[in-house]
Amino acid sequence: MKSIPEIRSLFPILTREVNGKPLVYLDNAASTQKPQAVIDTISDYYARYNANVHRGVHALSVEATEAMEGSRKKVQRFLNAIEDREIIFTSGTTHSINILAQSWAKDTLKTGDEILISALEHHSNIVPWQMACEATGAVLKVIPVTDAGELDLEAFETLLSAHTKLLSVAHVSNALGTVNPIQKLIQKARSSGALVHIDGAQAVAHMPVDVQALDCDFYSFSAHKLYGPTGMGILYGKASHLEKMNPLFGGGEMIKSVSFEKTTYNEIPFKFEAGTPNIAGIIGLGAAIDFMYSLDWKEVKAHEQRILALALSELGKMEGMRFIGMPAERSGVISFLIDDIHPSDLGTLLDKLGIAVRTGHHCAEPLMNRFQIPGTLRASFGIYNTEEDVMLLAAGLKRVVPMLS
Ligand code: 7TS
């Protein structure tokens, strides 16, 4: 695999300065930076073969369509889906979950049915289900989280019942970094007859995902957290489910034929892709997946674990340090508070040193309530982060904490 300096050299933004200091980018859970190859692929589409897809007989349209459908195949392979028609292009994880909550849930759920989520979900994996429950009379149940920031598996088994129609949980927590034991959760949910959706927004850049081995029914992710473009995401669904679901949006592309008397819908995946898609974003996602294939998963994980271990040990030496969540299996994220200093004050001063972190509730307010805190300071790591970045964060904190104490 490429060395970390080689990987860094592929990301033009990493050479810039912020507030006169070299950028230390530790906000990868919010969005990752883009390698030059992704940027070039997108600009190449606009410069050389920009046209609408699936519609024209002309050369540019054919080229754009081939590139877009080529990306679908890349995503299929990336997730190890059985067929490319199980891959639906969306604008991101949020859009993917809303398709499920509107199309699948509203047609399927009845009063008394239950949807099971967890207390560590991002708002995107909470609010759409609340809306679906309101519309159908179904009930939202929540797996509690332990002090370590892990799912309470005993409580999960108690909550799971014949009423549970869907389990929807994050693969990895964006706020704590907890890697959930999704294989175990999926098996238990399946044996009790529930379908399973996995929110993979924080997982796909950090570990290989095999939807066939997992045997989940649905899996969502966003391209922009996978070194790809914003406004682009994926909903994977088993073909047998997608075929039965009604589309959420009506319009061009999603129909077979339209008359005022009767409209028939297109095949999957097109049934769920009304209107002109985000062609540049789709092709850019394909380039991001190519980038991921240029790496070695074993080394990606080993590098990340080294960075996390160093960060936990260096930050752990600081007086007043309180890590929020200490999961046995962690990926990408460390969340913490120092004494009673407000995290956004820390974040603002770190920014003056060129260090980008995220502060606040991380769109996981119920989880913050669980820990009785308003928010955290979160450092989140990507493939290009180095030991030096960790040391700069620790040094930066040592400099700014006394200013706020
Ligand atoms: N699910 C999880 C687990 C996430 O981390 C996020 C975004 C989403 C869903 C929504 O993804 P989107 O691409 O549709 O917005 N998480 C974050 C974050 O942690 N900081 O900014 C966005």
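**A walk from an aromatic cluster to the ligand**

Let us begin with four residues, F11, Y227, F291 and Y384, which ring pairs link into a cluster. Before going further, keep in mind that this is a predicted model. Across the whole structure, a search turns up nine aromatic pairs.

One of these pairs joins F11 and F291, and its geometry is worth a moment. A pair of aromatic rings is described by the distance of the centres and the angle of the planes. For F11 and F291, the ring centres are 5.5 Å apart and the planes stand at 80°, so the pair is edge-to-face; the angle for that label has to be over 60 degrees. Now look at where the two partners sit along the chain. F11 belongs to the loop between α1 (4-9) and β1 (17-18), while F291 is part of helix α10 (residues 279-293), so their pairing ties together parts that are 280 residues apart in sequence.

The cut-off for buried is under 20%.

Next, find S31, in the loop between β3 (24-25) and α2 (36-48). S31 counts as buried because its relative accessibility is 17%. Its side chain has a partner as well: S31 makes a polar contact with the side chain of H224, at 2.8 Å.

Now let us turn to the ligand. Sixteen residues surround it, and the closest are T94, D199, Q202, S222 and R378. What kinds of residues make up this shell, by nonpolar, polar and charged? Three are nonpolar, nine are polar and four are charged. The shell also draws on two parts of the protein, with at least three residues from each of domain 1 (4-34 + 296-399) and domain 2 (40-293).

Several side chains reach the ligand through polar atoms. In S222, a polar side-chain atom lies 2.7 Å from an oxygen atom of the ligand. N174 likewise places a polar side-chain atom 2.9 Å from a ligand oxygen. With H122, the ligand atom is a nitrogen, 3.4 Å from an N or O atom in the H122 side chain. How much of the ligand does the protein bury? Taken alone, the ligand exposes 480 Å², and the protein buries 88% of that.

Note on methods. Residues are numbered from 1 along each chain as its sequence is written. This is a predicted model: local features need pLDDT of at least 70, side-chain atom pairs count only at pLDDT 80 or more; totals for chains, interfaces and linings use all residues. Side-chain values use heavy atoms; hydrogens and water are left out. A residue is near a molecule or strand if one of its heavy atoms lies within 4 Å of it. A polar contact is a pair of N or O atoms within 3.5 Å; within protein, one must be able to donate a hydrogen and the other to accept it, and residues adjacent in sequence count only if both atoms are side-chain atoms. Accessible areas come from the Shrake-Rupley method with a 1.4 Å probe; for residues, only the protein chains shown count as cover. Ala, Val, Leu, Ile, Met, Phe, Trp, Tyr, Cys and Pro count as nonpolar, Asp, Glu, Lys and Arg as charged, and the others, Gly among them, as polar. Domain bounds come from an automatic or database domain assignment. Rings of Phe, Tyr and Trp (its six-membered ring) pair if their centres lie within 6.5 Å; planes under 30 degrees apart count as stacked, over 60 as edge-to-face and the rest as tilted. Helices (H or I, at least four residues) and strands (E, at least two) are DSSP runs, numbered from the N terminus. Buried means under 20% relative accessible area, exposed over 50%, partly exposed in between (1.4 Å probe, protein chains only).
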